[in-house]
Amino acid sequence: MSHPLVVTLDRKSAPRTLFSGDRLVTVDLPAGTRCIYPRSPLEPLKDVDAAIRYALNHPYGSEPLHAKLRPGMKVVIGIDDISLPLPPMRRPDVRERVLTVVLQMLSDHGVDDVTMIIATSVHRRMTGEEIRHIVGDRIFNAYYPNRLFNHDAEDEANMVELGKTEFGEVVELNRYAVESDLLIYVNLNLVPMDGGHKSVSVGFCGYKSLRAHHNPSTMRKCHSYMDPSSSALATSVERMGRLANKHLNVFTIETTINNRMFDRPLEFLAKNEDDLSGLEAAALKALTVTLANVPQPARQAIFQRVPSPYGVTGVFAGATEAVHEHTLSRCYEQYLVPVKGQADILVTGVPYISPYNVNSFLNPLLVQVMVNGYLFNMYKGAPLLKKGGTMIVTHPCTDQFDKEHHAPYIEFVHNLLPETRDAMELHKRFEAKFASNPAYIQAYRTGHAYHPAHPFFMWYWGEAGRQHTGRVIVVGADNEYIPKLMGWETARSMPEALEMAKDTAPPSPEITLMHMPPIVMAEVTA
Amino acid sequence: MIGASSYDLLGFFESALDRTKAPREERVAVAASYFDVDGTLVRTNLVHPTLWYLMHQRSPMRSLQKLAKAALRAPRLVLAEMQDRRIFNELLFEAYEGISHDRLMILADDAFADILKKALYPHARPLIERCRREGHDVVLISGALDFLMTRLADHLGATHVIANRLEIKDGFATGRLLRPVVAGPEKARLIREHAREHGHRLDDCFAYSDSYSDVPMLSVVGHPAAVNPDSKLERLARTYGWPVLSLDSTAT
């Protein structure tokens, strides 16, 4: 018998509502289609501040934080950037709550030399207001910008090479972190690929270190990103993190949240369409019509300006690996839904947000990341889609970019992808030169642009999915050019897409819908 | 125009060049980065060093006379700036008429230190260093005067200068500029010429400017970038997807 969150449609089932960027589309799926729904939000902690204090005083694999402190020591606090969580969390963000307790403890122990760094790696610099949202007014006003700032992976004077792993991976990290007496990392773990050694060894590194694992060969060996034990990327990061931890005195604080992505008025988006009340069904219809008729900036505002009411489900502190075990377990508890058998055809909506477009537009390269990268990889065990199967996704694939945040993406998509889609070739022929483009690096350092290596990493991010998936068919694309550039086919409607998919599927194919967001991960068994 | 060949002709410029690049035969520049200067690398514009020279005449009375004349010329300068950058340059540099070449040169170090060096954007030098590390020729292309630009090139590690030159007769500036006048669309032609002479493919080259008047220069290279741009250039850059940069470290 299947899990209650895996619903099989029959002829009387209501149409399903899927995200198509920042719009909603209603689709009819054939009887027999399996729909996988996200789990209900886990019950949040009743007293988060008490849980934080408890975690700091009862850490895993480490002495309590207070025992590590001595007056006059130099402490650096690393903080996860805006890519976590998605969408941003309603204030107070859990990082603000952790920082408040930690800073008080540091002050009580005579530790005044405290620097906080947003561990952006090669992501874009966060704006002052975005940092304020994460750390809160009091901390922001006291520390920003001199003692609270973004990591700069291209500030060569402030990057230190710690050594190489046995596999030759270069570990180069932010000098502040390396020269601190104690490095405290404050994480917010949204999905299982976050946190652990990734926090320090990726968050504080630069291109030299990233290219050790953010390359097509490594990415092809990730099955999946959401299962660190089966991800070559996570294994490489772990090796580098262990080397880093030999040199640094790291105290890790990880937090988990539930998947209450939508607040009350939009909560119905997470529900089985057959279970909607009359009022909820009307609200869904009204929202669908509204989104179809308002301009894009308004749609972006509806979804992105409203922070999510996530609840905190866990706070764990201590040694990196010991802490992360607990974090992973809580993450899986929230997201995993057991699914029996793989699908021949996997249907999913592509939402408006990814970790790389908070407060900006989901451009075509990021749509690719969502489809071949994140949505395909939302599994543990066997992939939800059979090898060579077809993904059907709903998205307009609009040829639009945020000109500031994604400046280097534009050239990547319009100049390089037309040359080749082959990740290996892109890696060999173009990456090194593009990644050292002085203008883009300057835009990363003093503007709010992603590093020029990032669009390559985004393409590689889809590599495991591309290697596995036979075809991708996009429903609702507003142009032919972008899907073709991505190597995808287009269909005008879901029935047309299903007909196309059946051409290469076995008779009576298994059709499965992943109903996201909120986040759901399939734990697939044969 | 002061390019590599002109450096060879002038011992002073040659000394500046020698400190900024390896001997030509050892150097294989893969591309060139062309930098406008005023407003792009430094906060100042052409007027600042001109006023500085006018204020540093051989006597206070002479300075006053020169400044008074410049003030009378101001409305024409404003109109010229609105009309054509080249006319503006020519009118502005008329202020140098009658100043001896010796004086221009003797005061050049002080003018550079007082005006340009102090006005450098904090990220100007790191950006130029990065271009050099990428193996680029770094070319300052500016409507400012050559003797100041060579000092700036020396300071920043730029390899070439394309700048305006005053006409000197009998040891004194006539107030006219030698041809070609470096401004507006002429910069684009000079860049094409420089790239051809040095074997660079324009598609591989970079150009940086703050001003809409430099769109021709930005348009001839494969990698244009708007730096601290005026609003018109910023709109254009966003439209075409050119990077928009700030070289000011105070950006948050």
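Is helix 14 of chain A mostly covered or mostly open, and how many of its residues are buried? Helix 14 of chain A is mostly covered, with 12 of its 12 residues buried. Buried means that 20 or more other C-beta atoms, placed from the backbone, lie within 10 Å of the residue's own. Helices are DSSP runs (H or I, at least four residues), numbered from the N terminus. Among the buried residues are Pro364(A), Gln368(A), Asn372(A) and Tyr374(A).

The model is predicted: local features need pLDDT of at least 70, side-chain atom pairs count only at pLDDT 80 or more, and totals for chains, interfaces and linings use all residues. Residues are numbered from 1 along each chain as its sequence is written, and chains are lettered from A and ligands numbered from 1 in the order in which they are written.

The largest nonpolar core has 234 residues. Helix 14 (residues 364-375) of chain A gives the largest share of this core, 8 residues. Such a core is a set of buried Ala, Val, Leu, Ile, Met, Phe, Trp, Tyr and Cys residues joined through C-beta atoms within 7 Å. Tyr34(B) and Leu140(B) have the most contacts inside the core. Beyond its neighbours within four places in sequence, Tyr34(B) is in contact with residues including Val139(B), Phe206(B) and Val221(B). Contact requires C-beta atoms, placed from the backbone, within 7 Å.

Between the chains, 17 residues of chain A are in contact with 19 residues of chain B. Helix 17 of chain A supplies the largest share of the chain A side, 7 residues. Helix 15 (407-416) of chain A also gives two or more residues.

Notes: Two residues are in contact if their C-beta atoms, placed from the backbone, lie within 7 Å.
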